[in-house]
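Trainee: Could you walk me through this one? I'd like to know how the labels get decided.

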Amino acid sequence: MARIVITPDLGSVVAFDGAGVRLPKRERRHGSKRKQRIRRIAGEVSREEVWFLREASFAVTPGESVAVVGHQGSGREQLLRLAAGTLIPDEGTVRRSCPVIPVMNLGGALSRGYTVRQNIYLVAGLLGMLPDEIAARLPAIAERANVQKILDKYLGDTSRAVRGRLAWSIAMATEARAFAIAGALVVGQPDFMRECWDIVEEMKADGVTFLVASDKPSELIRFCDRALLLDSGTIVAQTTVADALDRLKLIEPPKDQVHFIVEESDDDDDEDLV
Amino acid sequence: MLRLLVLRDLQTQYTKFRLGYLWTIIEPLGMAIVLWFVFSMLLGPRKLGLQPYLLFLSIAILPWWWFTKGISSMARVFQKNRGQLRVSLLPTQMWVLRVLIVTMMEFILSLPVIVVAMVLTRSWPGPLIVLFPLGIALQFILMYGLGLLISSWAVVIPDLARIVRIVMRAMFYLTPVLYSISNIPPGIRPYAALNPLVAPLGLYRVAWWPEEHESSFEFAVSLAICLIIFVIGYFTFRRLEPRILKEA
């Protein structure tokens, strides 16, 4: 009962057919955990779901690079997550002919309690690589992330920049034929980011497919062949990147911004057994 | 992948404390001794369970430990692994299996407690010991089903983890851990058999007390409940899977 089904003879890499997804609407959380809990019990925090994406239909052909253009909260991230399969649509279908690697929030998957080496195994494994493949590509990943010397150090002892590099390097090492990248969400130093985009371009020349959401218009114009323009959850146009960016200026950003705050997992391990 | 996570979890468990592995033995053994003292020394004359009581207790306490530990961490599994779940392309059930296998390994590693109790009481198992692994398999299936059910509902009801904890405490006294199913008055015994844990516990114990065999009707009922729970858990999980991913 695998969640992600691959349809090899699809003809396109990813095909959305009227796909939509609704998520619980979350207000910005403030106050302590206790306060949040009280507010939830008091019914002040609604658990109602809102549509983040509706009736999205499009197909991405092999080798294409598609920009997903929209304001924050317009459903960009949800669209990418649906493409990768880390979200299941509530309406319509999403099919893919090969695994689509989600390159977003990878830093959140890294675990501080693991060593760098174990983290490489962990994240690469989550992205579907087999242990043998990981072992074979480990030196390459370590070199690209520049962590050869600290492979057996705990990740908690390393800097933020190292973690960002590590996550990227692992994702690129999957050698997958398709990636869903949320560029704005990748942390890293500028020169490393530039290096990343160089690698991505190389892969593109090699026929790899990309879906990209980035807040930097220059990256999109330089890199993408065409664009999907999103306005509060609806694809309003499929056009060129430049045109999409122009028309984005005419769309007002949503007023009631919905924020996603990643909560720290609470590690209360007080177990009493009787 | 699963193997990596399981090994890593066990490693953390056993390197975190100075006594490491020994805790796996000491904890349940200590508990068995306390309960044995209370129920067989202090409350002496009224005989509960079967003799020797210390062995009778430890055989049930270890699986019980596995059960509560497993189920209560399954109730929080998706909350805890949110970061990984967000990017994981692997089947979602893997997270439940991981907890289940880790706690099962701990259970298996704690089995020497039973050997200690056997030596202390000088009682040896009969040929029905072959049913012991079957008990493990059955408990595995039961916990997998229940884990799928609880872990997915815990996403919808955030306070489920707390509720589970209370229910577990009640379950401890409602389950034949301290006593045998044959201690229950015949009139309400069929209801007691609705408890899915009755069957695996019976399979564990029957090697030492073949007379437990007489309760095979109750075991059969309990076995059926185990399987029903598995089916319900499987389908609930499938239905709630989109929800789990949304909360990630």
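Trainee: Where is the place of Tyr21(B)?

Mentor: Tyr21(B) sits in helix α2 of chain B. A helix here is a DSSP run (H or I) of at least four residues, numbered from the N terminus, and α2 of chain B covers residues 21–42. Mind that this is a predicted model, where local features need pLDDT of at least 70, side-chain atom pairs count only at pLDDT 80 or more, and totals for chains, interfaces and linings use all residues. Residues are numbered from 1 along each chain as its sequence is written, chains are lettered from A in the order in which they are written, and side-chain values use heavy atoms, leaving out hydrogens and water.

Trainee: What makes the nonpolar surface patch?

Mentor: Tyr21(B), Leu22(B), Trp23(B), Ile26(B) and Leu109(B) make it, about 410 Å² in area. A patch takes residues with over 30% relative accessible area (Shrake-Rupley, 1.4 Å probe) and no salt bridge, with nonpolar side chains joined within 5 Å. Helix α2 of chain B gives the largest share, four residues.

Trainee: Why do Asp90(A) and Lys246(B) count as a salt bridge?

Mentor: The rule wants a side-chain nitrogen of Lys or Arg within 4 Å of a carboxyl oxygen of Asp or Glu. Their closest N and O atoms are 2.8 Å apart, so the pair qualifies. Between chain A and chain B the count is two salt bridges.

Trainee: How many residues are in contact between chain A and chain B?

Mentor: With contact meaning heavy atoms within 4.5 Å, 50 residues of chain A are in contact with 47 of chain B.

Methods
Patches are made of residues with over 30% relative accessible area and no salt bridge: like charges are joined within 9 Å, nonpolar side chains (Val, Leu, Ile, Met, Phe, Trp, Tyr) within 5 Å. Helices (H or I, at least four residues) and strands (E, at least two) are DSSP runs, numbered from the N terminus.
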